[in-house]
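Please open the structure in your viewer and get ready to select residues by number. We will go from stop to stop, and at each one you will hear what to pick and what is there.

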Amino acid sequence: MSEDRKENKKVPKRIAQTIINSLKGGVVPRIGLPYITVGRKNEIEALLHDVDIIAEGGASFRFIVGRYGSGKSFLIQTIRNYVCDRGFIVADADLSPERRLQGTRGQGLATYRELISNLSTKTKPEGGALTLVLDRWISSVQMQALQETGREPGDPALTEAVDQKIYAVTAAVSELVHGFEFARLLSVYYHAYLDGDDEKKAQVARWFRGEYTLKREAKEELGVNLIITDDDWYDYLKIFAVFFRLAGYAGMMIFIDELVNLYKIPNAITRQYNYEKLLTMYNDTLQGKARYLGIIMGATPQAVEDKRRGIYSYEALRSRLSEGKFSRPGTRDLLAPVIRLEPLTPEEMLVLCEKLSDMHAGLYGYERSIGTDELAGFIRMEYGRIGADQNITPREVIRDFIELLDLLYQNPSMKPEELLQSEEFSFSKSEAVSDQADSSYMEFTI
């Protein structure tokens, strides 16, 4: 038995169950991705190079482009988990008709609220980490001051030292656009923390989450004349990135998927406004106007390259993002802003299926019965269908394979070849490949 197979059998059952259930349901599991990652080595290395630049004070912007089910969201989730472990704060959101980059009914602000709601750290990966980060920042500043001064809690000299450290952070933030109000609210939160005023802390957190809709209300409760709006929400993400760095984190990574929802906007002017916002975010990161900030967006080829409705319909973006003369399938420039995902090879899918078969056997406590020859036969059948070279996706293969494993487990007397050679399997596969070609408006997440 290979070392890989021994290692895969050690997957904790809780993680194995999540992985199997998620993949069978067509979604990306939030945990356990290293157990099933195959291929994408070059793409991951290119994105991790960006992570190093961000940690040094730079910024990056990448589009990950792939067809539905090609592994786009899987790659995004892999990078998300990695940067979380590296000490970054991450925020993610999927665009939808209610969440865009810009809108007449607050759709841009809705995206901001989703991102802030999903703020995650290594110790709080499920989101909702905003108040945790603020409290830990204040606590760490107090600890540093305590160590540096050697004073006892309650000593005025210690309080003054803490105040100076808090002021240094707020002063650095206040230099940014809208940073003065942001810094003032950090100070309000700090004093509410000291006073044990949970109501005031909740009000500041509410402001940071973009939940105030009236300036008058913010003025009365917090003493600031601004609220976060649909027009300026991105400016506050840039401020948060700097603040998080000052608070002891490596930086901030933002993941926005389902960019196809901008492509689907029926009104041409509204689409252009969204692409204009996208251009602003892109320019900021490349021109050095943002620091400690990385942005990764997921999109389909059509949503990017369609010159009538896609991102390429906005000339300023098309001229920046279109491929050069030398890139082609098999030889892509992975240092370019757009990373186009190549299909996984049959060999890579074979490795993935072997990992899944070991994991399935470990989860349900049986000796793996499907051998390498049967695995190879399954992959040959999947990739041998008419049109499979253009239409087959990892999601489709994975879901078929897990169903195969489930059926073999529930019917121990059945042999793999019985299912693979059945008319039902052949017919369903032909239908699936045919349907895949017509599924351009169906969005999935793996």
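**Stop 1: leucine 75**

Select leucine 75 and its partners: setting aside residues up to four places away in sequence, leucine 75 touches Arg40, Glu43, Ile44, Leu47, Ile64 and Leu341, where contact means heavy atoms within 4.5 Å. A word on what you are looking at: this is a predicted model, in which local features need pLDDT of at least 70 and side-chain atom pairs count only at pLDDT 80 or more, while totals for chains, interfaces and linings use all residues. Residues are numbered from 1 along each chain as its sequence is written, and side-chain values use heavy atoms, with hydrogens and water left out.

Leucine 75 sits in helix H4; helices here are DSSP runs (H or I, at least four residues), numbered from the N terminus. Is leucine 75 buried or exposed? Its relative accessibility is 2%, so leucine 75 counts as buried (buried is under 20% relative accessible area, exposed over 50%, partly exposed in between, with a 1.4 Å probe and protein chains only). Now draw a distance from leucine 75 to arginine 40: their C-alpha atoms are separated by 7.8 Å, although the two are 35 residues apart along the chain.

**Stop 2: the cavities**

Rolling a probe the size of a water molecule over the atoms shows where empty space is left. A cavity is a set of points on a 1 Å grid over the protein atoms alone where a 1.4 Å probe fits but cannot get out, and lining residues have an atom within 4 Å of a point. Volume is the space filled by probe spheres set on the points, with grid points joined across faces, edges and corners.

How many cavities of 30 Å³ or more does the structure hold? There are two. The largest cavity has about 190 Å³ of space. To find it, select Val38, Gly71, Phe74, Leu344 and Pro394, the closest to its centre of the 18 residues that line it. Then colour helix H4 (72-85) and helix H19 (394-410), each of which supplies at least two residues of this lining. By class, the lining of the largest cavity has eleven nonpolar, five polar and two charged residues (Ala, Val, Leu, Ile, Met, Phe, Trp, Tyr, Cys and Pro count as nonpolar, Asp, Glu, Lys and Arg as charged, and the others, Gly among them, as polar).

For the second largest cavity, of about 40 Å³, select Pro343, Leu344, Tyr383, Ile392, Thr393 and Pro394, which line it. Five of these lining residues are nonpolar, one is polar and none is charged.

**Stop 3: the nonpolar cores**

A nonpolar core is a set of buried Ala, Val, Leu, Ile, Met, Phe, Trp, Tyr and Cys residues joined through side-chain atoms within 4.5 Å. The largest one has 80 residues, and Phe63, Trp207 and Phe243 touch the most other members. Helix H11 (residues 233-246) gives the most to this core, nine residues in total. Show phenylalanine 63 with its contacts: beyond its neighbours within four places in sequence, phenylalanine 63 meets Leu259, Leu278, Tyr282, Met297, Ile311, Leu321, Pro337, Val338 and Ile339. Another core lies apart from the largest one; it has 32 residues, including Ala16, Val28, Leu352 and Leu419.

**Stop 4: aromatic rings**

The structure holds 14 aromatic pairs. Rings of Phe, Tyr and Trp (its six-membered ring) pair if their centres lie within 6.5 Å; planes under 30 degrees apart count as stacked, over 60 as edge-to-face and the rest as tilted. Select tryptophan 207 and tyrosine 236: their ring centres are 5.6 Å apart and their planes lie at 80°, so this pair is edge-to-face. The pair links distant parts of the chain, with tryptophan 207 in helix H9 (residues 198-208) and tyrosine 236 in helix H11, 29 residues apart. Tryptophan 207 is buried at 1% relative accessibility, and tyrosine 236 is buried at 0%.

Next, pick tyrosine 366 and tyrosine 409, a stacked pair with 5.4 Å centre to centre and 25° between the planes. Tyrosine 366 is partly exposed at 22%, and tyrosine 409 is partly exposed at 37%.

**Stop 5: aspartate 406**

Finish in helix H19, where you will find aspartate 406. Aspartate 406 is buried, with a relative accessible area of 9%. Show Lys24 and His360 too: aspartate 406 touches both, not counting residues up to four places away in sequence.

Conventions:
1 Å grid on protein atoms, 1.4 Å probe; cavity = no way out; pocket = protein on both sides within 12 Å on 5 of 7 lines; lining within 4 Å.
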